[in-house]
Amino acid sequence: MRTRPFYLLSALTGLILTLLLALAPSAGARAGIPDVAAALKQGPVYVDPGAADQLSKADADALAQKIKDADKPLFVAVLPATAEYPPENLLRNLRTQTGVTGLYAVRLGDGFDAAADRSVMSANAVDNLVTSVRQPGVDARTELNNFVDQALPTLRGSAPASWGTVGGDSGVPVGGLITLGAVAAAGGAGAYAVVRRNRLRKEAEEREALEKLRVVVDEDITAFGEELERLDFHPAEPRADDAMRADYERALDSYDKAKSLMGSATHPHDVKAVTQALEDGRWSLAVLAARRESRPLPERRPPCFFDPRHGPATTDRSWTPAGGATREVPVCAADATRLDEGRDPMARTVDTVDGRRPYWEAGPAYGPWAGGYFGGGMLPGLLVGTMLGSMLATPAYASEYGGGEFEGGDFSGGEFSSGDFGSGDFGGGGGGFGDFGGGGGDFGGGF
């Protein structure tokens, strides 16, 4: 005998399916950007019925599965070159209506372009990917698979949780809506498991990165505390003035702030504020030292590149990392002397799988640590060509800060942000769909 809850569930399921099918467009109705966006919230690949001859359902399903298996926020749409999809601002409009942070690729007629939120991939990286796969006469299946294969290894972030709650098949939104009803009928158990697994994986990645950073930052905090203990300054001493006391107070405040921030850090990107506080504290000590010795106050400079614990840099020197190009880096007086004498600088080393290595030869977990010390947009120039710089430049782990700095460790991507993103937050794909007869009009300008 069937129980009352069974009848209630059956009735609820029937009502959901009826409403969803009533809201879905008919098979003959023309889709538009809102329909594409709705489908991409449910799965990574959408093929407009008018472009079904470009990518078969089997190929679309295989492409979607590849993206899902990689757990990356990559969205692909195959659209006909019709009035429903004007090329101008198409990617931006699609991103706005989908409302999910990620990399968006569109095959429009015979044309192809892509753009991304900078938190998952830089505009330059998108441009390079598009250029490498966009060739005249190539079919959609080859072009899209080439793009996805190259994008996935360097794409930052995770797939949106909404893909786990529904089937995510390509095609018109009806399939996704029916799947949504099926999930509701099943009680959402499978959806919850997928979302929970993704969340736990993300939390585990963050914990691992944070623990790597905690060791290094705790060493930095301890070193700064020892500097304060060795400081032979007493606010009440006869030669002390208000300016000196203010410098000393700022240094103490920076020490306390760094300890407090590290104690409350829950995500890798929280570390950036800690090293910023330490940099401020060491600068205050440098100013205090100049006042006490009656020297001109030093120019505000970043810390020594080779080891921020050395304090503010006093000069610049040319330095060439192994296999990299020569660049000017800020250095302390001791490291400047070592370089002038042809010796290696006293580098800050961290633990790696290959033993202790200079931080610029370590993994991208140290991006937030370096970002706090070297602000103002200078970090990319310092790290270019190094292992850390190369890994951060490909957003497998970190994205660019506003103004070109590297950010580390917030593990963003695949998150719903609605239309709240600025003109500088979404870019790439400057070539335009018109290059290969895909609908005409410049597309990439202004990103």
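Is Asp 110 buried, partly exposed or exposed in this structure? At 47% relative accessibility, Asp 110 counts as partly exposed; here buried means under 20% relative accessible area, exposed means over 50%, and partly exposed lies in between, with a 1.4 Å probe and protein chains only.

Before I continue, please note that this is a predicted model, in which local features need pLDDT of at least 70, side-chain atom pairs count only at pLDDT 80 or more, and totals for chains, interfaces and linings use all residues. Residues are numbered from 1 along each chain as its sequence is written, and side-chain values use heavy atoms, leaving out hydrogens and water.

Let me turn to the salt bridges. A salt bridge is a side-chain nitrogen of Lys or Arg within 4 Å of a carboxyl oxygen of Asp or Glu, and the structure holds 24 of them. In one of these, Asp 110 meets Arg 107 at 3.9 Å, N to O. Arg 107 is buried, with a relative accessible area of 3%.

A second example pairs Arg 292 with Glu 237 at 3.7 Å, N to O. This pair links distant parts of the chain, 55 residues apart: Arg 292 lies in helix 11 (residues 271-292), and Glu 237 in the loop between helix 9 (189-230) and helix 10 (242-264). Helices are DSSP runs of H or I with at least four residues, numbered from the N terminus. Arg 292 is partly exposed at 23%, while Glu 237 counts as buried at 19%.

Asp 307 is buried, at 3% relative accessibility.

Technical notes
Helix = DSSP H or I, 4+ residues; strand = E, 2+ residues; numbered from the N terminus.
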